[in-house]
Amino acid sequence: MDFKENIITHFETFKKEVNSPAHIDEIRESALNKFSKLDVPTPKHEEWKYTNLKNLVNKTYQLGNKNIATSSYTHKYTQFINQYDEKDVNILVFVNGEYISALSHIVSPSNELIISNLSQAYREHSELIEQHFSKYATYEKEAFVALNTAFAQEGVFIHVPNKTEVKLPVILHFIADASATDVICHPRNLIIVGKNSSLTVIEHFNSTNTPFSTLTNTVTEVYVAENAYCEHYKIQTEESNASQISTIQAVVQRDGRFNNTTVSLSGKLIRNNLNIKLNGENCDVYMNGLCAITGSTHVDNHTAVDHAMPNSQSNELYKSLLDEKSSGIFNGKIFVRQDAQKTNAYQSNRNILLSPTAKANTKPQLEIWADDVKCSHGCTIGALDEEPLFYLRSRGISEGEARAMLVFAFADDILERIKYEPVRLYAEKIIAQRLGMEE
Amino acid sequence: MLSIRNLEVAIGDKKILNGINLEVKAGEVHAIMGPNGSGKSTLASVLAGREDYEVLGGEVEFFGKDLLELAPEERAGEGLFLAFQYPVEIPGVSNTNFLKAAVNSIRKYRGLNPLDAVNFLKQMKEKMKLVSIDQSLLSRSLNEGFSGGEKKRNEIFQMAMLEPKLAILDETDSGLDIDALRIVSHGVNTLKNKDNAVILVTHYQRLLDYIVPDYVHVLYKGRIVKSGTKELALELEEKGYDWIKEENSVLA
């Protein structure tokens with residue numbers, strides 16, 4: 001079955017089953033309508049030049065949130081949930097896009113953190129939903145955002161009231177589990193951080209290794225209000241049958257700060273879109289990315305930062321370590337609009353090819369309309385430097401160990417920017433194990 | 001301990017060393033001097049095992065082993081140490097972790113058990129005093145953002161930790177102010193004993209006021225054209241290298 005037909009069939013059934021408020025239904029219909037008119041991206045589209053979806057869209061998927069056997073929850077998914085040895089954390093678990101309350105626990109007090117499944121928020125927080133939902137991640141031109149919006153039902157809704165520091169982080173575990181058929185799901189998150197407030201959110205993507213394919217098509221909208229701060233991590237450790245198209249759309253208001261660190265360690269095909277709009281003065285944004293992959297994993301990071309107002313800054317550093325037949329794409333756009341004088345925008349992308357069959361493509365794009373700005377960008381693709389390698393070996397360290405130390409250091413440059421330690425340690429451990437390092 | 005016979009080395013098509021002969025015995029300090037481009041640093045690098053060079057002929061024996069057959073890490077294991085002219089900065093690798101890996105790799109090569117954390121730190125504290133290196137430098141990334149003098153002191157600190165049998169100091173004195181030079185020399189002199197040896201590769205006689213060599217060799221156009229005692233260095237200081245160049249103008 002054609003991908004679009006497949007989706008439209010899903011929608012017919014889905015529509016009857018969900019019982020959403022009228023204005024959500026309107027958005028759904030409009031988004032599906034848009035999806036049916038947009039082309040499914042192919043490498044002929046400039047933004048998808050290096051990422052070919054043909055092996056993903058040639059499958060007939062079942063819509064995810066249908067076939068989970070309740071009794072098998074605990075055992076099957078504990079390994080994912082317990083990855084962080086941390087009790088003091090809010091955890092929400094979604095399997096194939098469906099919220100599993102039995103596996104989730106929220107420990108932050110409700111005056112500090114208002115958190116629920118999105119479908120519940122449609123009714124309980126309708127005002128905030130109307131104000132923010134689908135206002136930032138626009139679907140007019142993006143087929144997969146349109147698709148996600150049509151099916152937006154499960155996912156996290158977070159609202160941090162004004163002047164509130166959420167002390168404990170929120171971990172969202174998205175587990176893809178295709179046990180009997182190929183599965184597609186569309187988790188949708190909305191995060192609203194109120195004025196003068198702060199929040200740390202981790203999106204962690206896992207999957208079970210089965211003969212079937214999964215496609216997780218996720219959208220997260222983040223609204224960072226005046227002088228608020230959101231620390232956001234995306235950790236991707238899926239199996240080789242799991243693919244993901246994932247969009248983060250953040251809007252940062254005056255004096256706001258938004259830091260994203262995206263760590264992609266495994267999976268089949270991953271496309272990350274990170275779009276940030278700096279919508280006020282004196283905003284501060286960090287975009288850090290590490291893609292450390294092997295096998296035939298394909299990771300495509302598209303980032304776009306839009307400086308709309310003066311005196312803001314954005315810092316971007318994306319690094320890739322590409323081994324075996326993996327491929328890493330980086331496309332980073334910086335827009336500085338005419339009003340955005342005194343903008344500082346820095347971008348850097350560094351790629352190390354660890355094998356002759358690995359591939360990297362990098363494309364910085366700067367579009368600057370203001371005249372009083374500081375912007376820089378740079379990118380490199382190469383093998384591991386010989387000089388440091390010789391230095392370490394000349395001190396008695398074996399070539400293998402020296403390589404591992406240098407590769408780890410390259411990766412850790414990104415990981416050490418992760419302020420929430422359990423996440424940092426978790427990612428470091430995976431890299432260290434892969435490199436055969438002790439401890 | 002080290003015996004170099006007729007060593008000929010090229011980079012690409014360019015021949016740099018044209019038949020070097022040198023004998024170094026335990027307890028000796030040799031200085032290798034010479035004008036820029038004479039091949040001093042090439043000699044140091046080839047001995048340490050840098051791979052950019054092609055050995056065209058000759059042999060190098062180190063304690064009876066064919067040094068040129070060994071990988072750089074094996075040479076270190078055998079007791080060879082090169083203090084780099086330009087120590088490389090390695091972001092993300094902490095100085096301390098690096099040293100621990102180095103010390104234990106060499107111990108492993110020699111069939112010794114690794115040092116545990118306590119003994120390693122104890123040894124480190126001891127050797128830090130020797131070159132007046134600050135704890136804060138050791139917790140930082142290897143050489144990253146170090147001043148020139150700090151990098152050179154760090155080289156001698158590594159030498160102190162690794163206790164090599166033969167240390168080759170490649171222009172360790174270049175760019176050092178007099179205080180740093182004293183510290184570095186003090187470190188080298190303290191580490192010096194009857195069982196080890198030092199090769200000082202230097203452009204300036206000044207270093208030899210602090211580390212007194214037993215032999216001085218002048219390298220020119222890839223050959224040792226003159227050997228003598230420390231007085232030769234003073235003569236070079238006084239007269240420069242021109243008379244060497246003139247004496248050897250027949251060399252290609």
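Is B:Asn143 buried or exposed, and what is its relative accessible area? In this predicted model, B:Asn143 is buried, with a relative accessible area of 0%. The residue lies in the loop that runs between strand S8 (141–142) and helix H6 of chain B, and its phi is near 65°, a positive value in a residue other than glycine. Most residues other than glycine have a negative phi.

A positive phi is also found at B:Lys221, where the angle is about 45° although the residue is not a glycine. B:Lys221 is placed in the loop between strand S11 (215–220) and strand S12 (223–228) of chain B, and with a relative accessible area of 33% it is classed as partly exposed, whereas B:Asn143 is classed as buried.

The crossing in which H3(B) passes H6(B) is right-handed. On the side of H3(B), the contact is formed by B:Asn95, B:Phe98, B:Leu99, B:Ala102, B:Val103 and B:Ile106, which meet B:Asn154, B:Phe157, B:Gln158, B:Met161 and B:Leu162 of H6(B). Eight of the residues in this contact between H3(B) and H6(B) are nonpolar and three are polar, while none is charged.

Technical notes:
Residues are numbered from 1 along each chain as its sequence is written. Chains are lettered from A and ligands numbered from 1 in the order in which they are written. This is a predicted model: local features need pLDDT of at least 70, side-chain atom pairs count only at pLDDT 80 or more; totals for chains, interfaces and linings use all residues. Side-chain values use heavy atoms; hydrogens and water are left out. A crossing is left-handed if the near helix is turned anticlockwise from the far one by less than a right angle, and right-handed if clockwise. Helices (H or I, at least four residues) and strands (E, at least two) are DSSP runs, numbered from the N terminus. Contact means heavy atoms within 4.5 Å. Ala, Val, Leu, Ile, Met, Phe, Trp, Tyr, Cys and Pro count as nonpolar, Asp, Glu, Lys and Arg as charged, and the others, Gly among them, as polar. Buried means under 20% relative accessible area, exposed over 50%, partly exposed in between (1.4 Å probe, protein chains only).
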